[in-house]
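Thanks for coming, everyone. I have one chain to walk you through today.

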Amino acid sequence: MTASKGPQRTCIACRQARNQDQLVRYVVAPDGALLVDYRHRLPGRGAYTCIELQCLQAAVTKKQFSRSFRGNCSDPSIEMLQDGLQQALLQRIANLIGMARKSGQVVSGSNAVMTALRQRSKQALVLVSEDISAGIAIKIRELADRQNVSCSQLFSKGMLGQVLGKGERSVLAIQAGPLAEALLIELQRYTQMVREN
Ligand SMILES: [Zn+2]
């Protein structure tokens, strides 16, 4: 684990202190609902867990949420918690792609992406839509593998287009850089969470 600066917080499940940015934050809405505050931006008192399923499960089983918030929220089910976290991760991934687009670091459409990969321009990751045609998906995946570019499959063509402010997009590639690095971390977290589910 990298030692980044910043305040430390304790996971309510395993009691391990970690840098805040490695933990998921939760707050309680005025109606008593537990909210996943993935970006640590919502006001009010917060509780924290590691992102691992093990800690989510332990926090639920040991009723640590209601304890942390002194009875002001009811304890969520593990399904609710995972669902909230997955939605937060998808939102974060979409936001990062939008930011990459605004700074001109995105190529989209299968022809443009394949050209970019063949030219060995510095692409850090390829995102293939879930409803892309199987033949094109295989071609792009092979090309990405050959160039050592990470390839993930997420979102529909419509959603990828929407994130880019365009019509349907079956695939996009993101240039190497800090945004791509942040995206790779979130994609890995998401994939891990879905796999554990
Ligand atoms: Zn933990």
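What percentage of the 197 residues in the chain is buried? Buried residues make up 29%. Buried here means 20 or more other C-beta atoms within 10 Å of the residue's own; exposed means 12 or fewer; partly exposed is in between; and C-beta atoms are placed from the backbone.

Two notes on the source. This is a predicted model, in which local features need pLDDT of at least 70, side-chain atom pairs count only at pLDDT 80 or more, and totals for chains, interfaces and linings use all residues. Residues are numbered from 1 along each chain as its sequence is written.

Now the overall picture. The chain has seven helices and nine strands. Those are DSSP runs, numbered from the N terminus: helices are H or I with at least four residues, strands are E with at least two. The C-alpha trace spans about 55 × 35 × 30 Å along its principal axes. Take contacts between residues at least 6 apart in sequence: 63% of them join residues at least 24 apart. Contact means C-beta atoms, placed from the backbone, within 7 Å.

Strand E3, residues 24-28, runs antiparallel to E4, and four bridges join them. Strands pair if DSSP finds at least two bridges between them. Val-28 stands opposite Leu-34 in E4. Five residues lie between the two strands, and Gly-32 in the turn has a positive phi of about 90 degrees.

Stay on E4, residues 34-37. Leu-34 and Val-36 point to one face and are buried.

Next, the open sheet. In what order do its four strands come? The order is E6-E9-E7-E8, with mixed pairing. E6 (106-108) and E8 (150-153) stand at the edges with a single partner strand each, so one side of each has no neighbour in the sheet. Neighbouring strands are turned by 20 degrees against each other on average, direction ignored. For angles, axes are lines fitted to C-alpha atoms, for helices over the stretch in contact, and values run from 0 to 180 degrees between N-to-C directions.

E6 pairs with E9, residues 171-175, in the antiparallel sense over three bridges. There, Val-106 stands opposite Ile-174. Two helices join in. H4, residues 110-118, lies across E6, E7 (123-128) and E9, at about 35 degrees to E9. H5, residues 134-146, packs on the sheet and touches E7, E8 and E9. The direction of H5 makes about 165 degrees with that of E7.

Is Ser-150 buried, exposed or partly exposed? Ser-150 is partly exposed, because 17 other C-beta atoms lie within 10 Å. Beyond its neighbours within four places in sequence, Ser-150 contacts Ala-124, Leu-125 and Leu-184. Gln-123 is 27 residues from Ser-150 in sequence, yet 9.0 Å away, C-alpha to C-alpha.

Last, a helix pair. H3 (residues 78-102) and H7 (residues 178-196) pack at about 155 degrees, axes 10 Å apart. The two are therefore roughly antiparallel; that label takes angles over 145 degrees, while under 35 is roughly parallel, 65 to 115 roughly perpendicular, and the rest oblique. The contact includes Leu-85 and Leu-89 of H3, and Leu-183 and Leu-187 of H7.

That's the tour.
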